[in-house]
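Subject: Structure handover

Hi,

Here is the structure we spoke about. Please open it first, then read the notes below it.

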Amino acid sequence: MIETRNFRILRNVVLTILSLWVAIPLYVVVSTSLKPLKDVAGLFQWIPREITASPYLDIWTTVPLAKYFQNSLIITVCATLCSVTVAVLAAYAIARLQFKGKRAFSLTVLSTQMFPGILFLLPLYLIFTQIRNLTGLQLQGSYLGLIITYMTFTLPFAIWMLSGYFASIPKELEEASMIDGTGRMGALIRVILPVAKPGIIAVAVYSFISAWGEVLFASVLTNETTKTLSLGLKAYASESDVFWNQLMAASVVVSLPVLIGFILVQKHLVAGLSSGAVK
């Protein structure tokens, strides 16, 4: 297909508009985070009159951001590891094993993605309350409760993605390994997992991002000791004042782990998403 001059001009214009649409909000966040509070209170200034790094220092003392960061890191990493582990085993069973109800199980897992997350909030809250009443185990306001909650909405997508990826891997690879005396689990660990590395990384990144920025469930199922970053950012707004420069600085800091992780694994992420989706 030969591109005409008018098409190239239109394409460049559309891409420029879309780039500005994304870049301008990022510029506002970063520039606001480098301004003193007195320069943020009035009309927005596109070129800061004064640049200071004090907001990036003050964010750690205005609110207990380090504690929120620790809570988010513990919950997100644990939820990601648990989701990936369970998804690998479930997806491998769907892709390789024949069992009764396999199709129904696959459809059920996929159909859960059709429902909004808020639909599960009240049932999970009631389940946690019943567990506490019957066993004394306190899930609400604990790390474990939020880890289980995040797994409920990351697992379906993870299983669906990995089952398609595993199905695209030739069976002969693991059959050759099992002929040499390796069991099915050994073939999964030694043969399938190294080949499926891009797909597993894609699922891990999805699970991490979903848990890292989640607000709805965290607002109900956490307390002051387990509050996450997404909720902690609201602490920069008090009844009398809003520390906009610190809020923007904290937003930049909170975004860095996801940004750095995405940059490091972007090649595997693209390969994993495309391979899993094609199948």
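The structure holds eight aromatic pairs. A pair here means rings of Phe, Tyr and Trp (its six-membered ring) with centres within 6.5 Å; planes under 30 degrees apart are stacked, over 60 edge-to-face, and the rest tilted. One of the pairs is Y92 with F166: the ring centres lie 6.2 Å apart and the planes stand at 75°, so this pair is edge-to-face. Y92 sits in helix α4 (residues 65-96) and F166 in helix α7 (residues 143-167), so the pair ties together parts that are 74 residues apart in sequence. Helices (H or I, at least four residues) and strands (E, at least two) are DSSP runs, numbered from the N terminus.

Next come F153 and F217. Their rings are stacked, 5.7 Å centre to centre with 20° between the planes. F153 belongs to helix α7 and F217 to helix α11 (residues 216-221), so this pair ties together parts 64 residues apart in sequence. F153 is partly exposed, at 23% relative accessibility. F217 is buried, at 5%. There is also a cluster: ring pairs link F69, F208 and W212.

A word on provenance. This is a predicted model: local features need pLDDT of at least 70, side-chain atom pairs count only at pLDDT 80 or more, and totals for chains, interfaces and linings use all residues. Residues are numbered from 1 along each chain as its sequence is written, and side-chain values use heavy atoms, with hydrogens and water left out.

The structure holds two cavities of 30 Å³ or more. The search runs on a 1 Å grid over the protein atoms alone: a cavity is a set of points where a 1.4 Å probe fits but cannot get out, a pocket is an open set with protein on both sides within 12 Å along at least five of seven lines, and lining residues have an atom within 4 Å of a point. Grid points are joined across faces, edges and corners, and a volume is the space filled by probe spheres set on the points.

The largest cavity holds about 40 Å³. Its lining is N71, S72, I75, T76, L146, Y150, A211, W212, E214 and T228. Helices α4, α7 and α10 (197-212) each supply at least two of the lining residues. The largest share, four residues, comes from α4. By class, the lining has five nonpolar, four polar and one charged residues. Here Ala, Val, Leu, Ile, Met, Phe, Trp, Tyr, Cys and Pro count as nonpolar, Asp, Glu, Lys and Arg as charged, and the others, Gly among them, as polar.

S72 deserves a look. It lies in helix α4 and is buried, at 2% relative accessible area. The side chain of S72 reaches the backbone nitrogen of L229 at 2.8 Å. Leaving aside neighbours within four places in sequence, S72 is in contact (heavy atoms within 4.5 Å) with W212, T228 and L229.

The second largest cavity holds about 30 Å³. G117, F120, T152, F153 and F217 line this cavity. L26, V29, V30, S251, V252, S255, L256 and L259 line it. The elements that give two or more residues to this lining are α1 (5-33) and α13 (244-278). The most come from α13, with five residues. By class, the lining of this pocket has six nonpolar, two polar and no charged residues.

Last, the whole chain. The C-alpha trace spans about 70 × 70 × 35 Å along its principal axes. Of the 279 residues, 38% count as buried. Among contacts between residues at least 6 apart in sequence, 73% join residues at least 24 apart.

Best wishes

Technical notes. Buried < 20%, exposed > 50% of the residue type's maximum accessible area, 1.4 Å probe, protein only. Polar contact = N/O pair within 3.5 Å; in protein donor to acceptor, adjacent residues only side chain to side chain.
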